Each structure stands twice: as C-alpha cells, then as structure tokens.
Amino acid sequence: MHSLIQLSIVVLLLPLLSFVILIFFNRRLPRRGDFIGVGILGTAFALSAYIFWSVIVQTYDPAFRIAWDFTWIDLGNVPGVGPLKIKMGVVIDNLTSIMLAMVTLISLLVHIYSTGYMKGDKNYGRYFAFLGIFTFSMLGIILSDNLFSIYIFWELVGLSSYLLIGFFFEKDSAADAQKKAFLANRVGDIGMWLGILILYSQFHTFSFEQIYANLAAGNFALSNGWLTAAGLLLFMGCVGKSAQFPLHVWLPDAMEGPTPVSALIHAATMVAAGVYFVARIFVILTPDALHVIAFVGACTAFMAATIAITQHDIKRVLAYSTVSQLGYMVLGLGVGAYSASLFHLVTHAFFKACLFLGSGAIIHAMHHEQDMRWMGSLWKKMPWTFVTFTIATLALAGLPLTSGFMSKDAILAGAIGFAEAEGGGIYYLIPTLGFFCAMLTAFYMGRQIWLVFFGESRTHLKPADNHHQAHHAHDSHATHGDAHHGAHEVHEVSWNMRAPLVILAVLSLFAVYSPDPLDGAKGWFMKMIPTPATVVGAANPQKGALLSGTVAPHIAGVLRTTEVDVPQPVAAAHGEAKGGHLYTDPRQAEIVHAGHAAHYTAIYISITMVLLGMCLALVFYVFKIIDPEKTARAIRPLYLFSLNKWYWDEIYEATFIKGSMVLARMLSWFDTNVVDGIVNGVATLVRKFAFVNDGFDRHVVDGMVNFTAFTVNTTGAVLRKLQTGKVQTYVVMLMLVLFGYFVFYFTRLIY
Amino acid sequence: MEQLTTIGLNHYLTLSAILLGFGLFAVMTRKNAIVVLMGVELILNAANINFLAFSKYNGGMEGVMFALFVIVIAAAEAAIALAIVINIFKIFKSVDVSRIDSMKE
C-alpha cells in the first residue's frame with residue numbers, strides 16, 4: 001500500500017474520530033471540546049496538504065494515479081445477479097488530492113470561524129461533532145474509487161447536511177428546511193442508484209476503472225440509449241446534491257442552518273460533490289447525456305441568477321448565486337469543458353466560502369439581522385470583512401485578476417467552442433445564457449455590496465415588530481425598547497472569524513492558480529486536471545475510442561490487467577494534439593479546439609457583460625439614476641416572478657405536495673372504506689358465524705349434554721323412590737321379580 | 001276323591017306353599033322385627049316340609065339330611081338374628097322395621 005494511500009485513509013478517519021469523541025463526550029470536555037474538532041481538522045489538513053504537495057507539486061504529472069482496494073463483502077454467486085463482490089477502495093489522483101486539500105482547508109477554517117460564530121450556543125459541542133461527520137462523509141466521496149462506496153458516503157453527506165440544516169431545530173422553518181433538503185436529495189439519489197444498477201447489471205463491478213475499461217472495450221451489451229439513460233440517472237444524483245434545476249429548491253431553504261455550515265456545506269463542498277461525481281463519470285457520458293447536462297446547467301444558472309437579483313436576505317442572494325454557479329459548473333461539464341468546470345468548482349469553493357463566512361460575520365455583527373434592506377454603511381465599521389467580502393465578490397462576478405474570472409471564462413470559452421462544434425443554432429443558447437448570467441451575477445453582487453457596505457445605515461428603518469422577532473435570540477436587547485435601534489454597537493468580528501476570511505480571500509486571487517491573470521489554462525490547475533478521453537465516443541459508442549488509441553494510459557493498464565483484448569494505443573492520424581493530449585474522438589477534439597480558439601472572444605464578451613452588470617448596479621443603487629422600486633413597479637409581474645423564485649415552491653406545492661396529499665387522501669379513503677371494509681366485513685362475517693355457532697353450541701350441544709343430565713337425573717329421581725331403605729320393600733320387590741319371572745317362565749312353558 | 005282322602009305329595013306341597021305364604025306375609029307386612037323373624041322361621045319350615053315330602057316320595061335320605069341342616073342353621077340364624085334385633089333395639093330404641101331405613105341414604 002502506497003504511503004499516500006495510508007495517509008489519505010488517516011485523513012478520512014480523523015474527522016470521524018472527532019465526531020465520535022464530540023458526540024459522546026462534548027459535555028465533559030472543557031469548552032465543549034471545540035479544540036478537539038479544530039485540532040483534528042488541523043491535523044487532517046496538514047496531512048492533506050502533504051498529500052497535495054507530494055502529488056501536485058513534487059510529482060506534477062497529469063496522469064498521476066494510485067489506487068488501493070480490498071474486498072469488503074463477497075456474497076459469492078448470487079442467484080439472479082451473478083457474482084456480487086463489493087469492494088472498498090481509495091484512489092488518489094490529481095483531482096482527489098486537490099479536493100482533499102480544499103475540503104479539509106475549508107472545513108478547518110469553518111471550524112475556527114465557528115468557535116467565534118457559534119460561541120454560547122447551547123448545542124455548541126454537538127455542532128462540532130456534526131461538522132466532523134460531514135467532513136468525514138465528504139472526504140469519503142472524494143476518495144472513493146467505486147460507485148458503491150461513493151453512494152454510501154453520498155447518503156452520509158445527505159444525512160449530515162440534514163442534521164446541520166436543522167441544527168436550530170426548535171425553529172419550524174429550520175425543521176421544514178431540513179426535511180425539504182433531505183427529500184429533494186432523495187429524489188436525486190434514487191435516480192443515481194438506478195444508474196449504478198444499470199452499470200452494475202452490465203459489468204458486475206462498481207469500480208470506476210473497471211467500468212471505464214469495460215465500456216472502452218465495448219462490453220456494454222444494451223443499446224446506446226441505455227448508456228445515455230445510465231449517465232442521466234447518475235446525473236440525477238448530482239441534480240439533487242448540487243441543487244440543479246428542477247431539484248434546486250432545497251438549497252436556498254438550507255440557509256436556515258448556521259451560517260458557517262452554509263459556507264462549508266451549502267456553498268463550498270457538499271454541493272460541489274455532485275459536480276465532482278459527474279466529473280468522475282464524465283468519460284462514460286454519451287454526447288446525448290452531455291447535451292442534457294449542459295442544458296440543465298444553463299437553465300439552472302440562468303434561473304438562479306434571475307432570482308438572486310430581487311432577494312432581500314443576504315444569505316438567500318448568496319444561496320441563489322451558489323445555485324447559479326453550480327449551474328455553470330454543470331454546464332461546463334456538459335459542454336465538455338471538464339478542467340474548466342472543476343477549476344471553477346475549486347475557485348468557487350474558496351470565494352463562496354469567503355462570501356458566506358463574510359455574510360456570517362455581518363449577520364453576527366448586526367445581531368442576527370439578515371435583511372439587506374436594513375443594513376448599509378458597514379464598510380467603516382467592519383473593514384476586514386468589507387475588504388475580503390469585496391475580493392470574493394469580484395471573484396464571483398468574474399473580474400480579471402481574480403480566480404473566478406479565469407475559471408468562469410474557461411467555462412464560457414468551452415461553451416462557445418461547444419456551440420460551434422455542435423453546429424450552432426440552439427446550442428448558442430448555452431453560451432448566451434452563460435454570458436447573460438455573468439452580467440446578472442455582477443449586477444446582484446454589486447447590489448449586495450452596495451446595500452450592505454455603503455450608503456446610509458438603514459437599521460432604524462426596520463419595522464419594529466420584525467425587529468423584535470429577529471432579536472428573539474437576544475431578549476436582553478429587546479427589553480430596552482425601540483429607541484436603541486441605531487445604537488447597536490456594530491463592530492468588527494474577532495480574530496478567529498477574521499483569519500478564515502483573509503485566507504479565503506487570498507485564495508480567491510489569480511496568482512494562486514495561474515501566472516497569467518487572463519488565462520487559467522496556463523496555470524497548474526488546468527494542466528493537472530486534463531480532460532479525460534471519453535470511452536463512449538460519438539462515432540462509435542464503445543469500441544471507437546479504444547481502437548483509435550484514445551484511452552488514457554492508466555485505463556489501458558487496467559484493461560491489460562483485466563485481460564481484455566486491447567490493441568496498444570497508437571497515435572491516430574486524425575488525433576488532435578492539445579496540451580499533450582490526444583482527443584481522437586472527433587467531437588471532443590473539435591470542442592476543445594473551438595474552445596481554445598474562443599478563449600479571447602469569451603474574455604471580451606464576459607468582461608463586457610460583467611462591466612455592464614456592474615454599471616447597472618451602479619446606476620440603480622449608487623447614483624440612483626433609475627429608482628429600483630419604480631422599475632420594480634413598472635415590471636411588476638417580472639419582479640414578482642423573480643422575488644417569488646419563479647414560483648417553484650408554489651408549483652411544487654400545487655403539483656407534488658398537493659398531488660401526494662390527494663393521493664394520500666385517496667389512499668386513506670381506500671384504506672378506510674375498502675381495506676377496512678374488507679377487514680370489518682370479515683369481522684362481521686366471523687361474528688355472524690360465531691353467533692350461529694354460539695346458538696348451535698348453546699342449544700344443540702349443550703342441549704344434548706343437559707338432556708342427558710336431565711334424563712339421568714329424572715331416572716335417578718324415579719329410581720330413588722324405589723330405594724326406600726326398608727327391608728320389607730326389598731322383599732316385596734324380590735317377590736314381585738320372582739313372581740314375574742315365574743309368570744314369564746311358565747307362560748313360555750305353557751305356550 | 002281318592003286324592004282328597006289319601007294324603008299324597010300334593011298335600012305336603014300345598015301345606016308347604018301355605019306356610020310359605022304365611023311366612024312371606026309376616027315378613028312383608030309385620031312391623032315388629034321379632035314377628036318378621038317368626039315369618040322367616042315359617043318360610044324355613046315350609047322349605048323343610050318340601051324337603052321331607054320330596055325325600056319321602058323320592059326314596060332317598062338326602063332330603064332328611066337337608067331338613068336337619070336347615071333346622072340347625074335356623075337355630076343359629078335365630079340366635080344371630082335375635083342378637084341383631086337386640087342391637088337394633090339398642091341403637092334405634094325400637095324394633096319397628098319400617099323405621100329402620102338408614103340404608104336409604
């Protein structure tokens with residue numbers, strides 16, 4: 001076993017240890033054991049950083065990959081299924097080591113931040129325990145080398161997300177939100193499981209590498225439609241977990257959880273798991289499946305961006321922006337911009353975590369005020385938060401010199417390339433939506449920055465009743481009455497909340513990823529995460545890729561070890577060399593080629609759009625040339641459409657929830673009337689029969705018994721009379737009998 | 001006519017039957033235990049007459065022997081019966097057989 005594998009297993013188990021210690025012993029430990037959580041995560045991050053250093057910095061090989069697995073459960077030859085052997089394993093490649101470092105770093109920062117943010121909460125210790133199990137599950141997803149264990153950790157992530165969203169479970173809204181998140185995720189997970197089963201039924205293995213190898217060797221016996229279906233079903237898992245249209249509804253509600261949790265789970269890591277998973281299965285996705293994925297991503301990005309522009313809650317704006325950015329990532333995977341999409345995943349994780357932690361700092365400083373309408377003028381009071389928040393905002397909006405610019409631009413360039421390669425037409429909708437969203441993002445983030453940090457302080461404008469409600473956690477303040485509204489001492493947060501913001505803001509700058517602020521492809525990230533060659537090419541679904549030598553070297557290795565007849569990879573004549581890689585699948589090659597060609601086009605358009613969005617925000621909110629409220633009135637239907645989140649909740653309420661209520665009522669009716677009717681009918685029948693039986697028993701059987709007794713009794717009574725006890729009676733009877741005998745005897749004698 | 005003038009077997013048997021009848025009547029109807037015993041003696045003697053009559057007309061001595069036995073046994077029986085009667089009197093303060101019915105229960 002490679003030493004890095006051993007280290008990664010230690011990294012995986014450390015947060016679990018933190019969970020076990022804290023969930024059982026947090027009340028017995030000083031400070032409720034938060035130092036254990038922070039310490040363990042610190043260790044895990046240190047080990048992950050070492051893995052990152054060894055893999056990315058020292059090895060610096062795009063094809064680096066080590067794996068180890070063991071047979072977990074061997075059920076032998078299961079009837080009807082075939083050999084069923086479930087393996088567990090760990091794989092470390094470039095993507096894994098980057099994700100490992102990213103997740104442990106953000107988790108560590110959130111742990112540190114939470115020591116300030118959650119201070120004084122009555123479930124302080126349990127909170128850190130939940131963070132531990134979340135980190136464990138997330139690391140499990142990252143390290144898994146097969147579909148089965150990834151599914152297990154997938155569900156564990158869902159569970160920890162459920163626990164943390166409903167952390168303030170005394171609030172109904174939090175309890176509802178956690179249920180909503182869990183159910184929405186469940187819908188996706190069902191699809192994912194079905195997808196896993198389709199692949200398993202074909203290959204009898206869960207391992208990614210085995211599945212790739214088998215597909216590349218053309219062992220998929222079903223039609224191509226089934227392969228597309230398997231890809232899309234697996235993608236459904238991502239739709240649920242990464243909050244893609246139409247299962248995005250849970251993510252904004254998940255903001256009911258503590259803000260550091262929103263940063264860790266619902267912005268940076270867990271929601272990225274879906275994108276990570278699609279990246280893992282990227283090579284088996286057919287072009288049809290990829291088209292669907294691209295359109296779903298584009299729809300999500302566009303829809304969430306339009307909703308974000310009208311929301312008032314600072315966390316909700318960020319939540320919809322998260323949905324929108326996840327849409328970008330999925331769009332990126334759909335159009336084949338694999339590296340760009342994962343690049344965006346990582347950059348987004350850092351700047352969105354920074355934004356959420358920043359918003360947490362603001363909410364903390366504002367005494368649990370989340371509505372941007374009542375903020376303003378905070379930049380002087382919270383300079384650290386202001387600077388870091390602004391850097392992260394610029395990264396999110398996608399201005400040059402930030403990490404977000406590079407990754408978003410790479411995705412958009414890929415989208416243009418995709419549209420050109422697919423022959424234009426409807427496919428141009430995807431980059432168009434992408435660019436439009438870039439503008440919307442710039443607009444709503446500009447709006448947010450302005451509303452929160454600039455202008456006049458509007459704390460005193462808040463209606464009083466809401467104010468008290470918002471302060472239910474701070475009863476002591478509420479007792480002072482209304483006069484003190486503006487007098488809340490808004491101050492910069494403590495160092496343990498500031499430090500994570502600074503680190504995350506630094507990680508949102510371009511220099512971390514690439515020396516050229518305009519081109520992420522020159523950076524180490526995109527070089528280390530090359531787009532893998534598909535194993536289900538466009539021309540020939542299964543065999544084509546392999547025969548033309550496009551299989552990545554490590555897959556070819558697997559093929560050899562699995563004794564599949566593999567021709568050695570040969571440089572195909574029509575192969576397109578890009579960054580040292582061969583994309584002999586013509587479609588993939590064309591997309592990558594066109595994407596590279598579109599690089600500067602994308603930069604120009606996206607910078608224009610971003611500046612346009614920012615100008616719009618300035619026009620609306622800074623210079624007040626156009627009054628946003630008047631505009632909202634002028635286009636009221638559109639405004640309401642956006643404010644009410646495209647009415648998705650209402651639509652689901654009207655269809656699925658009402659539908660299931662109606663169904664439940666129908667079933668309830670069926671249950672009360674038919675099922676119960678049958679049961680009651682049977683019962684009545686049994687009663688009737690029992691009644692008849694009872695009568696028979698009472699009258700016939702008992703009658704017979706009683707009659708016998710009666711007869712015996714009567715006979716006895718009669719015969720008792722004869723038993724006088726007097727000797728003379730007996731003598732008389734003796735004589736009578738004797739006489740009778742004689743009479744009888746002599747009568748016979750005579751006749 | 002000859003049968004009325006000459007004493008034959010039938011006369012003995014008839015006498016015996018009459019005696020038996022008297023005896024039975026006494027046993028069945030009398031209330032005094034002593035009288036009942038006397039009735040029993042009559043019955044025994046009726047049997048004795050039968051034995052003797054048959055013995056005479058049959059020509060053997062078996063009947064006589066039986067009659068002798070019966071007389072002896074009757075004597076013994078009378079002794080025992082009288083003893084029983086005395087005991088009964090001690091218990092019931094009466095020798096009325098109709099009142100001695102404790103066997104009923």
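Predicted model: local features only at pLDDT ≥ 70, side-chain atom pairs only at ≥ 80, totals over all residues.
A residue is taken as buried if 20 or more other C-beta atoms lie within 10 Å of its own. A:Leu100 has 27 other C-beta atoms within 10 Å, and therefore A:Leu100 is buried. Setting aside residues up to four places away in sequence, A:Leu100 touches A:Ser8, A:Val11, A:Ser48, A:Ile51, A:Phe52, A:Leu139 and A:Ile142. For a sense of scale, the C-alpha atom of A:Leu100 is separated by 87 Å from that of A:Val705, a residue 605 places away along the chain.

In soluble globular proteins, nonpolar side chains tend to be buried together. Here, the largest nonpolar core contains 224 residues, and A:Val275, A:Val278, A:Ala353 and A:Leu504 have the most contacts inside it. Helix H14 of chain A (residues 338-365) supplies the largest share of this core, with 17 residues. The surroundings of A:Leu504 give a closer look: beyond its neighbours within four places in sequence, A:Leu504 is in contact with A:Leu109, A:Phe350, A:Ala353, A:Cys354, A:Leu357 and A:Ala392. Another core lies apart from the largest one and has 5 residues, including B:Val27, B:Ala33, B:Leu37 and B:Val97.

The two chains also meet each other. At their interface, 9 residues of chain A are in contact with 9 residues of chain B. On the chain A side, the residues that touch chain B comprise 4 nonpolar, 4 polar and 1 charged.

Helix H2 (residues 9-29) of chain B packs against helix H3 (residues 33-58) of chain B at an angle of about 165 degrees, and their axes are 7 Å apart. Angles over 145 degrees count as roughly antiparallel, so H2(B) is roughly antiparallel to H3(B). The crossing of H2(B) past H3(B) is left-handed.

Conventions: Residues numbered from 1 in each chain as written. Chains lettered and ligands numbered in written order. Core = buried A, V, L, I, M, F, W, Y, C linked by C-beta atoms within 7 Å. Buried ≥ 20, exposed ≤ 12 C-beta atoms within 10 Å, placed from the backbone. Helix = DSSP H or I, 4+ residues; strand = E, 2+ residues; numbered from the N terminus. Contact = placed C-beta atoms within 7 Å. Nonpolar A, V, L, I, M, F, W, Y, C, P; charged D, E, K, R; others polar. Axes fitted to C-alpha atoms, helices over the stretch in contact; angles between N-to-C directions. Parallel < 35°, antiparallel > 145°, perpendicular 65-115°, else oblique. Left-handed = near helix turned anticlockwise from the far one by under 90°.
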